[in-house]
Amino acid sequence: MIVGALAILKAGGAYLPLDPNYPTDRLTSLWKDAQAPILVTGQCMVDALPLRSEHVVALTPEGQLTLDQIPKPVAVQAKANHLAYVIYTSGSTGQPKGVEITRGGLLNLVRWHHRAFRTTPNDRASHLSALGFDAAVWELWPYLTRGASVHLPDGVAVNDPEAVRDWLISQEITICFVATPWRSG
């Protein structure tokens, strides 16, 4: 997801994070509502969504394109008012709604984060949030834009505070964003 989102931003597009843990009906509904012309996904999701192959770019598990999918470089002039990503609400009050975030809005968040937390290339950041949750943005772009490393807790039960604590210590994480409901629980 990280490689795909970065490639989409670099190409001048906007990304729509879809959590592979969502039911197929919800994923399809969000994709159609967003009117996304192309789906960049992992190979594991290709068969999960009822989309025509010309609308799908499948990345390998290493985040690479297959040889037949490598595009020619594009020159893009992205502007602050251009869309960076769309994130959907949980839908707890009915139908999920897409929230459009511009590149300028994302840049404001990243710059604020840099000032507030003084992130450096030596930092080791965690990424604990689900892909479709807005907190995932906080756990990626402020760190990657400073050259810090982002660590994903593969196989760690992120709803188990002791397991997460042990993982944070073992990975020598220096900066971690934890969503409010998790902190108050």
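**Notebook: loops, rings and helix ends**

I began with Asp19, which I found in the loop between helix 1 (2–10) and helix 2 (24–34). Helices here are DSSP runs of H or I with at least four residues, strands are runs of E with at least two, and both are numbered from the N terminus. I noted that this is a predicted model, in which local features need pLDDT of at least 70 and side-chain atom pairs count only at pLDDT 80 or more, while totals for chains, interfaces and linings use all residues. Residues are numbered from 1 along each chain as its sequence is written, and side-chain values use heavy atoms, with hydrogens and water left out.

**Entry on Asp19**

Is Asp19 buried or exposed? I found that Asp19 is buried yet has no salt bridge. Buried means under 20% relative accessible area, exposed over 50%, and partly exposed in between, with a 1.4 Å probe and protein chains only. A salt bridge is a side-chain nitrogen of Lys or Arg within 4 Å of a carboxyl oxygen of Asp or Glu. The nearest side chain of opposite charge is Arg26, 8.4 Å away; Lys and Arg count as positive and Asp and Glu as negative, while His and the chain ends are not counted. Leaving aside neighbours within four places in sequence, I listed Leu27, Ala130, Leu131 and Gly132 in contact with Asp19 (heavy atoms within 4.5 Å).

I then looked up Arg26 itself. Its charged end sits over the ring of Tyr22, 4.6 Å from the ring centre. The rule for this is NZ of Lys or CZ of Arg within 6 Å of the ring centre and within 35 degrees of the ring normal.

**Entry on ring pairs**

How many aromatic pairs does the structure hold? I read off 5 aromatic pairs. Rings of Phe, Tyr and Trp (its six-membered ring) pair if their centres lie within 6.5 Å; planes under 30 degrees apart count as stacked, over 60 as edge-to-face and the rest as tilted.

Tyr15 and Tyr85 are stacked, at 5.3 Å centre to centre and 25 degrees between the planes. This pair links distant parts of the chain, with Tyr15 in the loop between helix 1 and helix 2 and Tyr85 in strand 3 (residues 83–88), 70 residues apart. Tyr15 also pairs with Trp141, edge-to-face, at 6.2 Å centre to centre and 65 degrees between the planes. Trp141 is in helix 5 (residues 141–144), 126 residues from Tyr15.

Tyr15 counts as buried because its relative accessibility is 5%. Tyr85 is buried at 7%, and Trp141 is buried at 5%. Beyond Tyr15, Tyr85 touches residues including Ala14, Val99, Ile101 and Val137. I also noted a cluster in which ring pairs link Trp112, Phe117, Trp138 and Phe177.

**Entry on positive phi**

Gln35 is not a glycine, yet has a positive phi of about 55 degrees. I placed Gln35 in the loop between helix 2 and strand 1 (39–42), and Gln35 is exposed at 67% relative accessible area. Arg118 has a positive phi near 50 degrees. Arg118 is in the loop between helix 3 (103–117) and strand 5 (124–126), and counts as exposed at 66% relative accessibility.

**Entry on helix 6**

Which residue caps the N-terminal end of helix 6 (residues 161–170)? I found Asp160 there, with a side-chain oxygen 3.2 Å from the backbone nitrogen of Glu162. Just after helix 6, Glu172 takes a positive phi of about 55 degrees.

Terms used
Polar contact = N/O pair within 3.5 Å; in protein donor to acceptor, adjacent residues only side chain to side chain.
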